[in-house]
Amino acid sequence: MRTLWIVGIVVVLDQASKWLVMETMALGESIPVLGSFFKLTYIHNPGAVFGLRLGGKVLHLLFAGAALVLVAVLLWRLPAAERLAAVGLALVLGGAIGNVVDRLRFGVVIDFLDFGVGSLRWWVFNLADACVTIGAGLLMLSYGFQKQGEGGTDGDGDGP
């Protein structure tokens, strides 16, 4: 797979950043980086994306394992010409692996990137989550470019 190196880099950077946070911060500690807009806040996330609690640890691991297999198969079967989609899938796969490693090692996902203004905050997340989100965005862009290349109609049969 031509984008396997992306998967590896994402996993290494994700795990290294989480290790650094766990080694240098106390659980619950928050360090302002850009005032209140961007802080490093070390938390444990036992839930799914955005902290959703959809069952227990075993269910999270089962869903994550199924998603890993699905994304790996999609990446493996992707035509070589679809480079943007390949990068997107590699980012999603690397991010998913990074979070599964946390669940297997700690039973929770290590999160620390905290953005917001005052009390209006986004969910605290990590590098793996960011890669999954960016990868999903690239997949959507790839799909949009693919549809444009097929004629770009709006579905009613009479052109754009």
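Predicted model: local features only at pLDDT ≥ 70, side-chain atom pairs only at ≥ 80, totals over all residues.
So, the buried residues of helix α1: we've got I6, V7, V10, V11, D14, Q15, S17, K18 and V21. Now, why do they sit together on the same side of α1? Because they cover an arc of only 160° around the axis, and that puts them on one side. There's a handy rule behind this kind of pattern. An α-helix has 3.6 residues a turn, so residues three or four places apart point the same way.

How long is α1, then? The helix runs over residues 4-24, so that's 21 residues by definition of the run, and from its first C-alpha to its last it reaches 30 Å. That's close to the 30 Å you'd expect at 1.5 Å a residue.

Okay, zooming out for a second. The protein has four helices and four strands. If you read along the sequence, the pattern goes α-β-β-α-α-β-β-α. And how much of the protein is buried? Of its 160 residues, 35% count as buried.

Next up, the first β-β in that pattern. Strand β1 covers residues 30-34 and strand β2 covers residues 38-45, and the two pair in the antiparallel sense over four bridges. To pick out a pair you can look for on screen, S30 has T41 as its bridge partner in β2. The hairpin of β1 and β2 has three residues between the strands, and G35 in that hairpin takes a positive phi near 60°.

Which residues form the nonpolar patch? They're V33, L34, F37 and V117, and together they have about 390 Å² of accessible area.

Have a look at V117 in that list. Where does it come from? V117 is found in strand β3, which covers residues 109-117. In sequence, V117 and F37 are 80 residues apart, but in space they're 5.2 Å apart, C-alpha to C-alpha. And is V117 buried or exposed? It's exposed, because its relative accessible area is 57%, and the cut-off for exposed is over 50%.

Conventions:
Residues numbered from 1 in each chain as written. Heavy atoms only, no water. Patch = residues over 30% accessible without salt bridge, like charges linked within 9 Å, V, L, I, M, F, W, Y side chains within 5 Å. Areas by Shrake-Rupley, 256 points an atom, 1.4 Å probe, with all protein chains shown as cover. Salt bridge = Lys/Arg side-chain N within 4 Å of Asp/Glu carboxyl O. Buried < 20%, exposed > 50% of the residue type's maximum accessible area, 1.4 Å probe, protein only. Pairing = 2+ DSSP bridges. Expected span 1.5 Å × (residues − 1). Arc of directions from axis to C-beta.
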